[in-house]
Amino acid sequence: MVQLPTGSILGFVCLGLPTLALAASSQPEASPAADADLICSNTDLTDCYPKTFEPTKDFQVIKEGQNIPPGLHVRMNIWSGEKEARLNIPMEGEEGAVDGVLEIPTDQLPTEQSVIVVPQPEEEEVKPVLPKDAPVYEAAGKISPPTPESGDEITTFQKAMITIQMEARAFDSALDDLRDLSHDLYYGLEIAKDGPVLEKLTCLTLGYGTEKMPAKENGRDHKAANILASSIQNNPTALKEVTEFWKMVMYPSCGIVEQMKSGGGGAEKGIPNFVSMLRARLGREKDAGALKAKVGAISGLLREPLIRDEFLEKGGMELLLAIFLKKGEQFDGVRMKVAQLVGDIFLDEGMGAKLGVWPKMPRSEKKVCESKARMLEDGCWETHVEAYIERAGDEEWARDFVRSLGERRPKSGRSVVDREL
């Protein structure tokens, strides 16, 4: 064994100490994130701050994740999104505001609600300016087309529309397909946008059919009325499209129109219209379901002011009262549908009715309404509804209808309106 002198050993140790110290100093420091009292950024380990916010008399930014002790003044600038806090102590010259920022002590509000909004200075407020050619806002929202997964459905719809236009052999199945699809907002809109299809559906609904397709065969009038009603019900975008064709709806060119012009069909004198055409065939209407569907279609169409006003001008309320007076218990459901239409369109503001449009005459005397010549006057509605109540029993909807009529009727005025037919 080699024996080293004691002094040599001490010298060796002393020489080695700087090396050890250097090695120790080169070891990486422990990350501050390991400290339970600190929060460090995941992207920058040097960005660390206390886990609990430490307030002073001056406002400081509250860092992400910091706990806020209760009893502080807290404020937030809604433009920058930063929250600041300070000690809740009176500051010289303050009366609830610091640097133009309103403050509320947190001991007056729950901690989670102690946030003060910093309003944007008035001179900096900028109101949005719409472009001159900006599209009009649609309350109904944009109606999106079906998804690509609906390929079969789209194909069915397109074929049905073409079949109706061409009056092809599969006409009845095409009506069935449209009746199933017209409840959809998109398909309802597409139907309303197609003038030729819309006119054919109107003709069928009125009971006149087309040049090739009679209305009554296979219940085509019933199906067409359902399609019309479904297409525009709760679909203001589709109803807006119908507005573009309102004359076509009110004065449809059905295959039977030429006969009516020459005096056939029992229509009123002049150009045949929606009201006169339906009125002329009302006596032959035996299908309560079809008539109820037609009232539903009328209700939807009358949501459009142009159609509503033309309907009234042509004696539409007399038509509705004539429908109400159809004899037979099978038409009780139709009567209720008529009452609902009149309420929704003219009497009940909560349902979107335009008040003051109808009625405009006071109630007529009972003896006037019992005469055949004047029984359809506007003032006779209550008399006929009350007679129905006596005959059918205490119908709540009917009593409500009479009450609504009474509330909206003027108390004075002419009981008879002279109108040229």
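Before we start, a word you'll need: buried means under 20% relative accessible area, exposed means over 50%, and partly exposed is in between (1.4 Å probe, protein chains only). This is a predicted model, where local features need pLDDT of at least 70, side-chain atom pairs count only at pLDDT 80 or more, and totals for chains, interfaces and linings use all residues. Residues are numbered from 1 along each chain as its sequence is written, and side-chain values use heavy atoms, leaving out hydrogens and water.

A disulfide is a covalent bond between the sulfur atoms of two cysteines. Here, a pair of cysteine sulfur atoms within 2.5 Å counts as one, and that rule gives three disulfides.

**Stop one.** Select cysteine 40 and cysteine 48: their sulfur atoms sit 1.8 Å apart in a disulfide. The link is right-handed, with 110 degrees about the S-S bond. Cysteine 40 is buried at 13% relative accessible area, while cysteine 48 is partly exposed at 24%.

**Stop two.** Now pick cysteine 203 and cysteine 254, a disulfide with its sulfur atoms 2.0 Å apart. Cysteine 203 is in helix H5 (residues 195-206) and cysteine 254 in the loop between helix H8 (246-250) and helix H9 (257-261), so the pair ties together parts 51 residues apart in sequence. Helices here are DSSP runs (H or I, at least four residues), numbered from the N terminus.

**Stop three.** Finally, select cysteine 369 and cysteine 380, joined S to S at 2.1 Å. This link is left-handed, with -90 degrees about the S-S bond. Are these two cysteines buried or exposed? Both cysteine 369 and cysteine 380 are buried.

Note on methods
Helix = DSSP H or I, 4+ residues; strand = E, 2+ residues; numbered from the N terminus.
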